[in-house]
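Please open the structure in a viewer and follow the stops below in order. Each stop names what to select and then describes what is there.

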Amino acid sequence: MCGIVGICQFDDKNVQRETLLKMRETLKHRGPDDQGLFISSNQQVGLGHRRLSIVDLTAAGNQPMSNEDATVWITYNGEIYNYHSLRSQLQTLGHHFKSQTDTEVIVHAYEEFGPECLHKLNGMFAFAIYDQKKNQVFAARDRFGIKPFYYLLKESRTFAFASEIKALIHAPHFEKSLNHVAIGDFFKYHYIPTPKTIWSDIQKLPHGHYLTVDLTTKHIALHRYYSLEDRLADRQPATVDQVYQLLESSVTDQLLSSDVEVGIFLSGGLDSSTIAYLASTKQNRIKTFSIDFQPDRFSELKYAQDVSKKFKTEHFAETMADIQDCDIQNFADIYDEPLADNSCIATDTLSRLASKHVKVALSGDGGDEVFAGYTWYDQWLAQKPRMGIALITSFYKKIGLKNNVWNFERQYSDILANGFYLNELKSLLATDVYKNFIQGHDQILERFHQNKFKSVRALQYVDLNTFLVDDLLSKLDLGSMANSLEVRVPFLDHHLVEAVFSLDKKDFPAYATGKPLIKKLLSKTFSNEFINRPKRGFSAPFYHWPFLKSAAQEILNGQAIKLGILKFDYVQKTLTTHNKVRARRIWLLLVFEMWLRRWFER
């Protein structure tokens, strides 16, 4: 796991070594073990790398890395779990290797198969390859967006990329211009959806996509190489036993594909307990890590301790009683754009704890999306049958929207209730910001709502492509890598995901919620009390914490209002209205304020 950066110059100017170094060094936390730099002979392309050594700890694994004749160069972030078998295949085809890394396997797979190499990779990855013979850059991101890839594009001048936005702030021609559509999206969803970022100049490469940069014609093309629905088109239904076998294989592969020790994030919930259970059958005395909150009447620490005791893991736990325990300014430093998921607090703290003992950890992220675990799926089922025209009309009249077509975007976002309602944004955002937002808003939930998937499966598909990618996986990558920790997600093995979504209706009905397949798997090992207890999310009880008392004044006196982004009157109203969403909205406003102070003013 590493940090990658790169620059391509289109305007006949040379890549500046000092600029590339500055970009690379902003990512030192992602790779404290080594660093490397490559600038092409024509000075048009520069690649930089910071290394966190996981596979092949020798100098042979350093990057940027090339093929035998130095005509293909790569800077790569991620882990390929099937690299041993792919390496053997490539050796049979005549390729020669100088290291034991998965990095070099990608280089030769690209040489042999071109963009089709992506279909052969099983893992999490974001990389860029400079092909000297084609005078082209080929860049790709994994199927579900586990690893990040941000890029800056100035037509006919510069293309630059990085693992984190903070590196691109130092790229040639970057301008600090805020993206008003992204601001509106943030206050609606509490995260900024792909491909947008908070900056007008910077975009995210969508998951399951690759892009090519033709350095001769200056043409950039974006291609989708993976979609779950396409993969299911001609697939035979999987069986439950096959799903269990694939889950076990995924945990095994991700546990053992490392030359350093691997631990487990153990919350005590079903997902992390499943991983601990399967991992314990392959390896003894695994280190596990938990975070607990005070006050917290829903604490799962007891369950995590029970799991640790059952599987004889070496367990480490830490308790947080206030946001100051993790330092809110440090929080703003980690996240390069506003992200108001308060579980970021826990992720940062848990990663810091784990990084004291291991370099790699397994996490249960993705379990809810793949096996239908979210409580809002039940909420959807409960309200959907009652949604007649009269109810729809009265519902939207009640919240102040008139003459609006009832669509999935509004239904689902109202149930999630992560941000402000659409009609509230007009009152919250400054007039020009709101106008730009409405013109550019593309309703991401609606975009991924497909007729191919029915009932709860359709919601899972939406979450896989939105909430999981731009909230949970972004949070996980930035929070863990800020602490020089690699985190792997066994539930997002693409073979496993495809198998679950292809199950016969009798094995996994379209309306099934509460992770019945996981509960069945665990029923032989855990009690009914453990399996069937109410779901507890990985979030902090921040509404009880003292910082909320002072946060309101910070926001009212803050830059968001002074810069004319938000309206004072509506912010004040939000801060003084006592309802069940008040704390969440204070957090939303505070995250945006702290981000502005850290990244926009400087």
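The radius of gyration used here is taken over C-alpha atoms, and the globule rule is 2.2 Å times the number of residues to the power 0.38. The model on display is predicted.

Begin with the whole protein. For 602 residues the rule gives a compact globule a radius of gyration near 25 Å, and the protein, with 24 Å, therefore agrees. Displayed as a C-alpha trace, the protein spans about 70 × 60 × 45 Å along its principal axes. Its accessible surface comes to about 23400 Å², and carbon and sulfur atoms account for 49% of that. Of the 602 residues, 63% count as buried.

Next, switch to a cartoon view, in which 27 helices and 17 strands can be traced. If contacts between residues at least 6 apart in sequence are considered, 74% join residues at least 24 apart.

Now select the open sheet of 6 strands, ordered β4-β5-β6-β7-β11-β12 with antiparallel pairing. Its edge strands are β4 (65-66) and β12 (219-224), each of which pairs on one side only.

Within this sheet, select β6 (residues 123-131) together with β7 (residues 136-141); the two pair in the antiparallel sense over 6 bridges. Which residue in β7 stands opposite I129? It is F138.

Finally, colour the model by pLDDT. The mean for the protein is 90, and 91% of its residues reach 70 or more. Select residues 386-405, where the pLDDT is below 50; beyond near neighbours in sequence, this stretch has 17 contacts in the model. Where pLDDT is low, the predicted coordinates should not be read in detail.

Terms used. Residues numbered from 1 in each chain as written. Predicted model: local features only at pLDDT ≥ 70, side-chain atom pairs only at ≥ 80, totals over all residues. Heavy atoms only, no water. Pairing = 2+ DSSP bridges. Helix = DSSP H or I, 4+ residues; strand = E, 2+ residues; numbered from the N terminus. pLDDT = per-residue confidence, 0-100. Contact = heavy atoms within 4.5 Å. Buried < 20%, exposed > 50% of the residue type's maximum accessible area, 1.4 Å probe, protein only. Areas by Shrake-Rupley, 256 points an atom, 1.4 Å probe, with all protein chains shown as cover.
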